[in-house]
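Colleague: I would like to learn how to read a model like this one. Where do we begin?

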Amino acid sequence: MCGIVGYLGKKNTKEILLDGLKELEYRGYDSAGIAVLQNNNFSSYKAIGKLVNLQEKTKDFITDSFAVGIGHTRWATHGKPTELNAHPHLGESSYVVHNGIIENYAELKSELEANGVKFLSQTDTEVIVHQFEKNLKTSTSAFEAFETTISELKGAYAVLLVTKGENETIFFAKHGSPMLVGINHEDEKYFASSDTPLIGQATDVNYFEDGDYGFVSKSEIAIFSKDGKRKKPQFSKISTNKLSAQKDGYRFFMEKEIYEQSDVISDTLMGRLGDDEINFDELDPKLFDGINEIKLCACGTSYHSALSATYMFERYAKIRCSVEIASEFRYRKPLMCKDTLFVVISQSGETADTLETLKMAKEAGLKTLVICNVDNSSMVRLSDACILTRAGIEKGVASTKAFATQVTVFWMLSLYVAKLKNSMDSIELARQINLLREVPASTKVTDSMHEKIKRLSKRYLHGHGFFFIGRDIFFPLALEGALKLKEISYLHAEGYPSGEMKHGPIALADPELFTIALLPQHLLHEKSKSNVEELSARDSTICAISAVEFDKADDFIQISTCQDYMLEFFEMMVVVQLLSLEISVRLGNDVDMPRNLAKSVTVE
Ligand code: M6R
C-alpha cells in the first residue's frame, strides 16, 4: 500500500526521504519517487520496482543546505506501475504526493483538460496539483489556493504538496488516510503516513484528524480543522519500538491484517466495478475464447479461495470449473485439454508446488492466468495473464487478507466471465455488482464482535477436536476456518461439509467435540440447521455463527442481517479468523510466526 514521507530541515534531505521510504517498504509498493525543493530549484526522481532503483538514480544528487522534500511509495491502483504514474506528480512548478482515492478526479480532470491542462499520468492524484495551480492563479496566496483545492476534492486522501513560490513550506491535508507530523529539538519537521519513518528522527508527533489541513514551515505548524478553524497541534512522545509501530497499535500482524481487510477489499474493487460490468483492464477478453472449462490450482488458504470460486464460476458464469491441490496435481499425470483455462492462485506467487503446476500447464499449451498478491513474482512473470489482489504485504504466516481479496477477485471474475458468456441477465449482474460494493462494510471489525469473540474464546482451549462445518460455498470457508485454527492454536481442527458429518465424523460427537457451525440465513439455512441439530442431539458443544438466533447452540455469534449469502460469507470469514486469533492468544502461542510454518513455501 502507498506510503508518504516529508521533510523540512537542513540535514541531508535526500537520505532522510529515502530512509523514511525504506521504513514503509513493509507495506508493499511497486514504484517510488521523491521531489526536493532547494534554493528555489526542484529536483525529482522516480523509479519503478524496489527502492534500490531509486537509490541508484539519486546517487549523484546532493542536498547540503536547507530544503523541503516529499517522497512516496506507490502501490498501483489507478494506472499501471510505471515511472509516469509514480508520485510525486508535477504541475508547472509544484509537486504532490497522495495516498487514497480522489473519487471526483474524472470530473476535475475533464474540466482541467478542457482548459488546456496536459496530464502525464493515468493517476487520480495528478488532478490535485493541476487544480492547485489553477486556483493559484486566482488566489492571494499559495495557502488559499491549497485550501480551495482541498475543499474541491471528494474521496479519501493524505496529501503533501510543495510549490516553488513557498520554498520553506509543505502543505498537507488528511481525510481518511493516515498522516502525522513530527518535530525534534533541531527544528526539523517530518511527515509520514505511519510512525515508523519518524522513529529515531522525531521526538514528538501530532496525528492529524480527518479533515485537518494546513502548512508547516521553518517557523510554524498551522493546522486547520475541516470547518476552517485553526487548531493547536497535540504533540505526544513517539514510540521507540519500530516493530510495534509497524503493527499500528495492534498486538499482532495477523490482527492488524484482519482489521485491514475492509480497506484492502476496497482497493481490490477499485476501478473494477462498472454499473453493469466488471472491468479488468489487465485482461484481454480473448483469453476466454475457446475456453470451456476453468481449472484452478493452489495450496493451503489459496486452495480454499479457489474452492469457493468453483461455486461462483458454475453458478454465476455457468462454466465448468474444477479445483486441484497443487502438490497432488503435479504428480498425478493429469489430462490437460486446450479448451481449459488454467488458473493458479497464490498470495506470494512463489509457492513451489503451485509454480510447478503452472509450468506443466504452459508446457501442455494451455492458456494460463495467475491471481496473485505480489507483482513480479515468479508466477506473475510466467503466466499469460495476471490479476493482482492488492492486499498489500501480508506478514502474519496465517493468511487472512490475502484470502479475503482472492475471494473478492474470484467473485468479480465469475461475473466478468458471466458477462462475456452472456450467462447472467443484466438485472442480476447489476445486483451482484452492488453486493460487491458492500463487501468492505461486511468485513469491518466491530468492537462488540471482537469483544464477544475474545470472551467466548476461553471456552475453546481444550477438547479433542474442532469441526468447522458449512454447506455449499460455506464449506470452503469451514476448511479455511479450521486451517486458521490449526496453524496458530496447534489444536486439531477439521473443515467438513455439514451434510457429510452423519457419514462418519458424527461418531466423535460428545461435549468435548467443538462444532463451529456456519449457518447462513440466505443459503440452505434449514438444511444446515438440521445437520447442526444432529450434532447437538449427540451432545457436541456447538458454537453457531449466524444472523438468525439458533436455540440448539451452546454459544452463538450473531452476524448482521444482510441481503445475500455472499455478504454473510465475508462477515463469517472475519469471525472465524478472530476466533482462531483469540484462542491462540489465550494459549500463549506465537500468533504471527507459528511453529513449523513459513510464510512462503518455496520447497516441495
Ligand atoms: O503464497 P501462497 O498463497 O501460494 O501460499 C499457499 C499456502 O502455503 C498458504 O496459503 C498457507 O496455507 C498459509 N499459511 C495459510 O494461512
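Modeller: This is a predicted model. Begin with Lys333, which sits in the loop between helix 9 (326–329) and strand 18 (340–346).

Colleague: What is phi of Lys333 near?

Modeller: The general idea comes first: most residues other than glycine have a negative phi. Lys333 is not glycine, yet its phi is positive, near 45°.

Colleague: And the peptide bonds? Which kind of bond joins His87 and Pro88, cis or trans?

Modeller: In general, most peptide bonds are trans. The bond between His87 and Pro88 is cis, with omega about 0°. Pro88 is placed in the loop that runs between strand 4 (67–74) and strand 5 (89–90).

Colleague: Now the overall layout. Which domains does the domain assignment give?

Modeller: The assignment gives domain 1 (3–243), domain 2 (246–443) and domain 3 (445–604).

Colleague: How far apart are the C-alpha centres of domain 1 and domain 2, and how many residues are in contact?

Modeller: The C-alpha centres of domain 1 and domain 2 are 33 Å apart. In the contact, 15 residues of domain 1 meet 13 residues of domain 2. Between them the two domains bury about 1200 Å², and carbon and sulfur atoms account for 60% of that area.

Colleague: Next, helix packing. At what angle do helix 4 and helix 5 pack?

Modeller: For a helix pair, read the angle and the axis distance, then the residues that touch. Helix 4 (residues 126–136) packs on helix 5 (residues 142–152) at about 130°, and their axes are 8 Å apart. Helix 4 is therefore oblique to helix 5. Their crossing is right-handed.

Colleague: Which residues make the contact of helix 4 and helix 5?

Modeller: Helix 4 contributes Ile128, Gln131, Phe132, Asn135 and Leu136. From helix 5 come Ala142, Ala145, Phe146, Thr148, Thr149 and Glu152. Sorted by class, the contact of helix 4 with helix 5 holds six nonpolar, four polar and one charged residues.

Colleague: How do I read the pair of helix 13 and helix 17? At what angle do they cross?

Modeller: The axes of helix 13 (residues 426–442) and helix 17 (residues 565–586) cross at roughly 25° and come within 9 Å. Angles under 35 degrees count as roughly parallel, so helix 13 and helix 17 are roughly parallel to each other. Helix 13 makes a right-handed crossing with helix 17. On helix 13 the contact residues are Leu435, Glu438, Val439 and Ser442, and on helix 17 they are Leu567, Phe570 and Glu571. By class, four residues of this contact are nonpolar, one is polar and two are charged.

Colleague: Helix 7 also packs on helix 17. Are helix 7 and helix 17 roughly parallel or roughly antiparallel?

Modeller: Helix 7 (residues 253–269) packs against helix 17 at about 165°, with the axes 10 Å apart. Angles over 145 degrees count as roughly antiparallel, so that is how helix 7 and helix 17 are described. The crossing of helix 7 with helix 17 is right-handed.

Colleague: Which residues in helix 7 and helix 17 meet?

Modeller: Met254, Glu255, Ile258, Gln261 and Ile265 in helix 7 face a set in helix 17 that includes Phe570, Met573 and Leu581. The contact of helix 7 with helix 17 has eight nonpolar, two polar and one charged residues.

Notes
Residues numbered from 1 in each chain as written. Predicted model: local features only at pLDDT ≥ 70, side-chain atom pairs only at ≥ 80, totals over all residues. Heavy atoms only, no water. Axes fitted to C-alpha atoms, helices over the stretch in contact; angles between N-to-C directions. Helix = DSSP H or I, 4+ residues; strand = E, 2+ residues; numbered from the N terminus. Parallel < 35°, antiparallel > 145°, perpendicular 65-115°, else oblique. Left-handed = near helix turned anticlockwise from the far one by under 90°. Contact = heavy atoms within 4.5 Å. Nonpolar A, V, L, I, M, F, W, Y, C, P; charged D, E, K, R; others polar. Domains from an automatic or database assignment. Buried area = accessible area lost by both parts, 1.4 Å probe.
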